[in-house]
2 protein chains.
Amino acid sequence: MSPTPQWVKDLKPAPPQGTELLSAERDKSKISVEQLSNFLFTKEVLERQDRVLEILQKEKVFDKSQNYFDGRVDKFKTALARAKRLRQLQVQHKWDRDDYITANDLISEPGPYGLHASMYLTTLEGQGTPEQHKKFLEPAQNYKHIGCYAQTELGHGSNVRGLETTATWNPQDKTFILHSPQLTASKWWIGSLGRTANHAVVMAQLIIDGKPYGPHPFVCQIRDMKTHEPLEGVHVGDIGPKFGYNTMDNGFLLLNKLKIPHINMLAKFSRVDPETNKYVKPSSPSLIYGTLTWVRSTIVLQSGGVLARGVTIATRYAAVRRQFQDRDAPSDANGENQVLNYTMVQFRLANADFDDIVLPLLAATFALHFTGKAMMGLYQENQKTMNANTAKTAKVSSNRGAGPEEISSGSDLLADLHATSCGLKALGSTTAAEGLEVCRRAMGGHGYSSFSGVGSWYADYLPTTTWEGDNYMLTQQVARYLLKSARGVLQGNAPNNDTTKIFTIFLQKQDMGAAHDVLGSDSDLVAAFAWRTSFLTFEALKHRDVEKNSWNSLLVDFWRLSTAHSQYLVVKNFYDALQNESLRYELDPATIDVLHKLFRLYALNTLEKEASEFYSSAAVTVRQIQLARTKSVMKLLEEIRPHALKLVDAWHFPDWQLDSSLGRKDGKVYEDMFYRASELNPLNGLTIDPYPDSDVLVKRDETAKFKSKL
Amino acid sequence: MSPTPQWVKDLKPAPPQGTELLSAERDKSKISVEQLSNFLFTKEVLERQDRVLEILQKEKVFDKSQNYFDGRVDKFKTALARAKRLRQLQVQHKWDRDDYITANDLISEPGPYGLHASMYLTTLEGQGTPEQHKKFLEPAQNYKHIGCYAQTELGHGSNVRGLETTATWNPQDKTFILHSPQLTASKWWIGSLGRTANHAVVMAQLIIDGKPYGPHPFVCQIRDMKTHEPLEGVHVGDIGPKFGYNTMDNGFLLLNKLKIPHINMLAKFSRVDPETNKYVKPSSPSLIYGTLTWVRSTIVLQSGGVLARGVTIATRYAAVRRQFQDRDAPSDANGENQVLNYTMVQFRLANADFDDIVLPLLAATFALHFTGKAMMGLYQENQKTMNANTAKTAKVSSNRGAGPEEISSGSDLLADLHATSCGLKALGSTTAAEGLEVCRRAMGGHGYSSFSGVGSWYADYLPTTTWEGDNYMLTQQVARYLLKSARGVLQGNAPNNDTTKIFTIFLQKQDMGAAHDVLGSDSDLVAAFAWRTSFLTFEALKHRDVEKNSWNSLLVDFWRLSTAHSQYLVVKNFYDALQNESLRYELDPATIDVLHKLFRLYALNTLEKEASEFYSSAAVTVRQIQLARTKSVMKLLEEIRPHALKLVDAWHFPDWQLDSSLGRKDGKVYEDMFYRASELNPLNGLTIDPYPDSDVLVKRDETAKFKSKL
């Protein structure tokens, strides 16, 4: 690679400069970004972010400049170096859990300690006895043991009962023999297992005296503590590259009659009595909803922020690109001159893309954020009330890659929260994943470049739609709960909660029909969503209970029902958040007004997208939907657009976190694209021989110069 | 990496084996795969594929086993070695164009000669004079010059008129001075430019005596023919990694007052007279639709095959996975036992995923294939008729990455074909791209593994939705054409073609309403799609001509209109293909019957997905749509499923081409996943030090062992 000549260094983008464009755009809006950020996240959280960011930016190992170029092996090595350093910083700065999570968010890549720090520690904590805590948890907390949670198998995704790995009790020497009888028994997708972990909690079918007792957790050492080589009888490795998540070493594990002592079966809930050689039943067989609900609420809350990254990037780039193209556009197009007209189309397209496609997603980021916050609040409230009555968390049966979905009885109070968290997890993560891809495409050709920062973020996020309950599967749980609630309302024995309330209202008004003034009244807009959910629930109930249709034939109905219900919840939570009196003290009226518009945009845009369900349920009229689009939504888009840039600024992503040329806060889009391509790109270290009749491929190889400095 | 122990090598997947499952599944269907393949592709094409495949498989350089592991630099090096070897084989075996394309399809990755072999040669051919052919085309055909087509710029996607690069005529020494006045003038996204090309056709604004004459093509040498270093005044390189397409060196190019002789301006259509220093106008200023129509028809035809790869993989994996899970499923679930029920849900899910999600896509592959074939046929027919009357292709103004969309007058005959090719290109490539992602997700967790073979295929295909006309933009051309046709019909001066025919029928019947027996009659089903298109066209016409709405405010309507029209065309072409009498001679009745079912599935599933447009246009009743879903589609899914495996077999993809563990023809899904992870994965050559307090990252590095052997 020849050095960049001076004449290139002297070039600037064509005027106006991105920085001027963004600053002019920001001047159009009176929103106070700082106020809104504080309201969304609290001052404490933002200060924490600043503090942690400052520490990370000083560390060479966290330099991101080669992230988009590194191949898998280098990616992993860098991620490992970062994971180690992060742990050192945690100790050094006495970071609490929130500090550590903040650091991970800023680094924005899955790391090799990911499953150790979450699932392995949690499982030991929740399912180990005090003796086991001493033996396994303590060294794990001190990173002497590095562990993972090995449940999913090659042939069995989320089906826990189908696990093939066995743990056979050997009464002679009081040990368990862990074994993989077949290839499909291989553990698979296990995060942190591939190269990093020296221990694993292995879920295996417990067998005593030839009789199976179902899956149980066993702590296995899998690699030597000094050499880090696999132990005898252990075949372990990384499962290979994936669509994303390539900084993580998801692994496989096969065991050949591996012997482990009695103490290695996690025994807080059930165990094998070594004297009698009998199985001792779980002291608390039911798993409570609590932890899973909490995990899902977190996903809902995060989904807003995940999507907001893409929306931030797309919004900033649109503000640079649109204005730029505006220069070329003639003031009038008469429709005759095709080429001129074509230019106009281009120009209009940039606006249309942005307004019609990105602004509704901007509204969705806030909608999901407020919904997630409300869910967390409800969870904490319920948790407080129920703390005395409820059994402690038995276990969190979930796993990166593919999580199981265990259901059990629980309180009516939490049952509603549980079901809604399932539906919202599915809706939130689907909205975020698909929305990111929409943002990427809305940026045109440059969205395809890694430097857009959206592609890899999307690819890394995708598994969220599968784990902690596959989104498809979760919708059936929501449907089951809604059907049960509807039956309860009909039979007059339903608990009192929001779901049964909206069903009751629906039944009362069913014979009079509904008259929702969706364009005139926000509360009617919420009520229309409630009506649609109720209608679909009682339709599904009829199909199931009266017409006796098979469950299988109703899966698509259930998916729709769950989506409808979750959209209702999002609309309702967004609405409720804006009714909160404290709003007036924290935000000025102009900001509140824009938030109201975002609420209406989210709701009306959803209503219009799902038009056929809204009018087949008679929640609204066809005319109302037509007006929603042609009048209300169009007007809202126009009114929100001037605030778009400040609204994304309020999400408060440091440039360092976004790592995006197109999403730079200062608008230096083209300079940054060019710099990364020209100065950071290792491929430009390769001078090739281009002729097909020559067998020389490379004349000069200077790619090594670009390597990350580790 | 320790060697695989014998006990691992002895393991098999849990029974039944994938091979048995697929063979049992194939036995369920009486379709003759060979017959159907021959019908779809012709015997000649299939034999060509076999012949070329045999040659490729013998060459070590085409070995694919490290494709999913290589980083960008290695990917490119391998792709370059393959491109060279492919050219050698082309010469050696005297391959014609079709042979060469077949080889590229089998290799299935974009290569560094990609733009040389297509756009560079085509542009020289089409726009050069005989003298220029001698000087530029001949050395290019012999790979002495390696070229590319440099149009798109960093700040200008598809907007040709906005190009900033200038070519200033210098009357003193009769040269052009090519110059990039600003950073945004940098050529960007140019395929084969980054590391490979030594020549480029540069599109630049021609300036004579201070006056601009618009963009014109100039041949520039950019690298030294011996050293391959950039020439003085040329800054050129690769633009960096992308979401996909990483085997291709898309490049940037900045020029600093580069002087080129008069002959380097391609002068077949317009030129600068070196004597008078005047611009000589294009001899044929209009660009004809022909070539672009042909390119788009190719994309439509390919879109069926592109999607079919994903569908083939998903279908084969589903047949292995579903049966496998079936073993665990109890024969009955009473809905009470949650865990049992959960298992059932899983099992049902696999079916539901497959039936509801993948089978309609299977139908779409055939629909797109027949549509593409019909388009190609129409194009060739028209071409024959018009050959005498029409000016030759002026130029193909398109470019990998982002193509422009130039419109001009042309014959009425071709105008219809042109517009329909725009709409179908948009629908076909969108269906294929989104369908591939649906296939990937339908495979659950394993779909996320690179070994599924779908992720990289999807990522490489994505740019097709942008180039040869961005899909969003194209829909506006379709709308413009439909509006123009509708005006013609109203004014009684429309040409006679299918579009004006369906509009005329609609206007005649408008006041009586429609009665389409979509569930009972296939021709009525087609007519219902025609009705919906016509309704939407006249609605849009009213908004535009009567209500005088702005073009901008109608963009979403136009997008919907174009989609509706294109769906009509697909349904119609599929229907027409099945009416062809020759069908009876080539296929047995059982196969024809299944094809009919696929037609109905595609049409009814589309009708149901677009329900609200169908009933707001009164093409069908709400009841018909409900029945379409609950009765017809459900029944079709059930009837087609036993044939699914043979239907994908008929697409005739060699395993070598698919390069997918999950899509193996023999069903050895798990063996192949495990083999690739355990034996081919370079990351497993890395033994690390896992402890955070140690600064040693890697204890042993044997990753080099896995490197591609070049």
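Is A:His652 buried, exposed or partly exposed, and at what relative accessibility? At 27% relative accessibility, A:His652 counts as partly exposed, given that buried means under 20% relative accessible area, exposed over 50%, and partly exposed in between (1.4 Å probe, protein chains only). This is a predicted model, in which local features need pLDDT of at least 70, side-chain atom pairs count only at pLDDT 80 or more, and totals for chains, interfaces and linings use all residues. Residues are numbered from 1 along each chain as its sequence is written, chains are lettered from A and ligands numbered from 1 in the order in which they are written, and side-chain values use heavy atoms, with hydrogens and water left out.

**How the two chains are related**

- Chain A can be laid on chain B with an RMSD of 0.1 Å by a turn of 180 degrees and a shift of 0.0 Å along the axis, where copies are superposed by least squares on the C-alpha atoms of residues with pLDDT of at least 70 in both.
- The two copies are therefore related as by a two-fold rotation axis, and in chain A the C-alpha nearest that axis belongs to A:Gly71, 2.0 Å from it.
- Both copies use the same surface, since 100% of the contact residues of chain A recur in chain B, contact meaning heavy atoms within 4.5 Å.

**Backbone features**

- Most residues other than glycine have a negative phi, and most peptide bonds are trans.
- A:His652, although not a glycine, has a positive phi of about 65 degrees, and its place is the loop between helix 21 (644–649) and helix 22 (655–658) of chain A; helices (H or I, at least four residues) and strands (E, at least two) are DSSP runs, numbered from the N terminus.
- A:Asp209 is not a glycine either and has a positive phi of about 50 degrees; this residue sits in the loop between strand 5 (199–208) and strand 6 (211–221) of chain A, and is exposed, with a relative accessible area of 77%.
- A:Pro15 and A:Pro16 are joined by a cis peptide bond with omega of about -5 degrees, and A:Pro16 is found in the loop between helix 1 (6–9) and helix 2 (18–27) of chain A.
- In chain B, a cis peptide bond with omega of about -5 degrees joins B:Pro15 and B:Pro16.

**Around A:Glu702**

- A:Glu702, in the segment after strand 13 (698–701) of chain A, is buried, with a relative accessible area of 18%.
- The side chains of A:Glu702 and A:Arg700 are joined by a polar contact of 2.9 Å, that is, a pair of N or O atoms within 3.5 Å, of which, within protein, one must be able to donate a hydrogen and the other to accept it, while residues adjacent in sequence count only if both atoms are side-chain atoms.
- A:Glu702 and A:Leu686 are 16 residues apart along the chain, and their C-alpha atoms are separated by 6.0 Å.
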